[in-house]
Amino acid sequence: MARVLHRMREMAVALAAAAALLAATAAAAQPRVSAVRLGEHPDKTRFVVELSQAAPYRVFTLGKPYRVVIDLPQVTWNIPEHRQGEVDTGAIESLRYGLFAPNRSRVVLDAKGPVRITDVFRLPPQDGYPHRLVVDVTRVSPENFLQPRERDPIASANPLPEAEQRQRDVAEADDDRLTIVIDAGHGGPDPGAIGVDGTYEKDLVLTYARHLKERLEQAGPYRVVLTRKRDIFLKLNERVEIANEVNGDLFISLHANATRNGRASGASVFTLSETASDEEAAELAAKENKSAVVAGMDLEGTTQTVSQILIDLAQRETMNTSKRFAGMLVDELQNEVRLLENSHRHAGFVVLKSPNVPSVLLEIGFLSHEEEIQELKTASHRRTVNSQVVDAVKQYFQWRQARR
Ligand SMILES: [Zn+2]
C-alpha cells in the first residue's frame with residue numbers, strides 16, 4: 001500500500017512538473033507586438049502590426065459605430081511609448097488594443113465612416129522588419145457598407161482558438177465572512193478615460209483596487225473579490241454576474257473621470273437610478289455604459305437599454321441601501337479628499353444593476369486635470385482615498401448589523 005502511495009505521489013510530482021513546463025513554454029511562445037502603425041495612401045489606409053512570430057488572426061468590420069477589429073492570440077504588447085486613443089490617419093480616427101479574453105488579444109480601430117477591408121496578409125521578416133500583419137481598408141459610401149450577414153471575418157488558414165471564458169470564483173460554503181466586490185473599471189482594449197499625461201483610467205483604477213483589497217482584508221473579517229486582477233476586458237454584465245456569484249454584500253466600482261475642458265476636479269460617488277440627477281451624471285453613465293462598443297463588440301441588432309435603465313420593484317430595497325452606503329462614503333471622503341460639487345449623484349449605470357448587491361460607483365478624480373492626475377498617481381493619495389473607503393465600509397456593516 002505504502003509503495004502504491006509513493007508511486008502515486010511520484011506521478012503527481014512528475015505531472016505537476018510537466019504542467020509547469022507546458023505553462024512556461026506557452027508563455028515563451030506568446031507572440032510579442034513591437035509596433036503598430038497606420039499609414040495613409042491615396043487608395044487605402046494601411047494598418048500594420050509588427051510581431052515576433054507569425055500569428056493567426058481574424059479581421060472584421062462592425063457598424064454603429066464603424067469599427068475595424070483585429071483579433072490575435074494573446075500577445076505581449078511591447079510598445080510602452082505608444083499612446084492609444086486619437087490617431088487621425090486616413091480613414092481611421094482612433095486606435096486601442098489589449099487583452100479581450102484570457103487567450104485573445106484585440107486591436108480596435110474606430111473608423112471615421114463606413115469602411116471595407118480590401119486586403120489582409122502576413123509578411124515574413126525582411127529588410128530589418130519582423131513578422132508583420134497588414135490590414136488595408138478603404139472608405140465606402142454608407143450604402144456600400146456591407147450588411148452584417150455579408151461581413152464574414154477574414155481569417156488566417158490556421159484559425160484562432162475560441163476565446164476562453166473567464167474563470168468563475170464562487171464562495172466556499174463555510175465562508176461566513178462579509179464579501180466585498182471591488183471592480184476596477186474598463187480593461188484590455190477599453191482603456192477608459194485617457195489622462196492629459198497619457199495615463200489610462202484602466203491602469204490607475206486597478207492599482208487602487210488592488211491596494212483597497214489589501215487594506216480591507218487587514219481591516220476586518222472581509223473576503224474581498226476583485227472582478228479583474230489584471231489588464232483584461234470584462235463586460236459590464238459580467239461584473240454584475242461576479243457580484244452575484246460570490247454572494248457579494250457590497251459592490252464598489254472604481255473609475256476616474258475626464259472632461260474636455262480640464263477644469264473639473266474632485267471625487268464623486270454615484271448610485272443607480274432610472275432618471276439621472278443631472279445632465280453631467282447622465283453623460284457620464286452613457287460614457288461608462290459604452291464599454292462593449294469601445295472594446296470592439298458587435299451590438300447591432302441587440303436592444304440596448306443604455307439610456308433607459310429599467311428597474312424592478314425587487315431592486316428598490318437594494319437601491320436604498322446603496323444610497324445609504326454612498327452617503328457614508330461621501331461623508332468619509334470629504335474629511336480628507338477634495339470632492340466635486342454635489343458629490344453624490346445618480347444615473348443609469350449598467351454596472352450598478354445587481355438586484356441584490358448594494359452597489360456604488362466611485363470616481364476617484366479627473367484625469368483631465370493637470371494637477372489632479374499627478375496627485376491621483378501618488379501612493380499617498382491612494383492610501384488616503386482607500387482609508388476613507390475602508391472607514392465607510394466598516395461603518396456601513398455596523399449600520400447593517402444594527403438593523404437586523
Ligand atoms: Zn470609467
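This note goes through the model point by point, from the whole chain to single residues.

1. **Basis.** The model is predicted: local features need pLDDT of at least 70, side-chain atom pairs count only at pLDDT 80 or more, and totals for chains, interfaces and linings use all residues. Residues are numbered from 1 along each chain as its sequence is written, and side-chain values use heavy atoms, with hydrogens and water left out.

2. **Whole chain.** The chain holds eight helices and 17 strands. Both are DSSP runs, numbered from the N terminus: helices are H or I with at least four residues, strands are E with at least two. Of the 404 residues, 50% are buried. Buried means under 20% relative accessible area, exposed means over 50%, and partly exposed lies in between (1.4 Å probe, protein chains only). The chain exposes about 20,100 Å², with 50% supplied by carbon and sulfur atoms. Areas come from the Shrake-Rupley method with a 1.4 Å probe; for residues, only the protein chains shown count as cover. Contact means heavy atoms within 4.5 Å. Among contacts with a separation of 6 or more, 76% join residues 24 or more positions apart.

3. Strands β1 (residues 32-40) and β2 pair in the antiparallel sense over seven bridges. Pairing requires that DSSP finds at least two bridges between two strands. The two form a hairpin with four residues between them. R37 has V48 in β2 as its bridge partner. β2 also runs antiparallel to β10 (residues 131-139), again with seven bridges. There, F47 is partnered by V135 of β10. β2 (residues 45-51) is mostly covered, with six of its seven residues buried.

4. **The six-stranded sheet.** This is an open sheet with mixed pairing, in the order β13-β12-β14-β17-β15-β16. β13 (222-226) and β16 (339-347) are the edge strands; each has a single partner, so one side of each lacks a neighbour in the sheet. Neighbouring strands are turned by 20° against each other on average, direction ignored. Axes are lines fitted to C-alpha atoms, for helices over the stretch in contact, and angles run from 0 to 180 degrees between N-to-C directions. Within the sheet, β12 (residues 178-184) and β14 (residues 250-257) run parallel, joined by five bridges. L250 in β14 is the bridge partner of I180.

5. **Helices on the sheet.** Helix α3 (residues 236-245) packs on the sheet and touches β12, β13 and β14; its direction makes about 165° with that of β12. Helix α4 (residues 279-289) also packs on the sheet. It touches β14, β15 (267-272), β16 and β17 (359-366), and its direction makes about 65° with that of β16.

6. E201 in helix α2 and H255 in strand β14 link distant parts of the chain, 54 residues apart. E201 is buried at 2% relative accessible area. H255 is buried too, at 4%.

7. **Helix α6.** Residues 313-336 form this helix of 24 residues. From first C-alpha to last, α6 reaches 36 Å, close to the 34 Å expected. The expected span is 1.5 Å times one less than the number of residues. Its buried residues include Q315, M319, F325 and L333. Their cover includes β14, β15, β16, β17 and α8 (379-403).

8. **S268.** This residue sits in strand β15. S268 is buried, with a relative accessible area of 1%. Beyond its neighbours within four places in sequence, S268 contacts L340, S343, L361, L362 and E363.

9. **Backbone points to check.** The K64 to P65 peptide bond is cis, with omega near -5°. P65 is in the loop between β3 (58-62) and β4 (67-73). D127 has a positive phi, near 50°, and is not glycine. D127 lies in the loop between β9 (115-123) and β10, and is exposed at 71% relative accessibility. N247 has a positive phi as well, near 55°. N247 is in the loop between α3 and β14, and is exposed at 57%.
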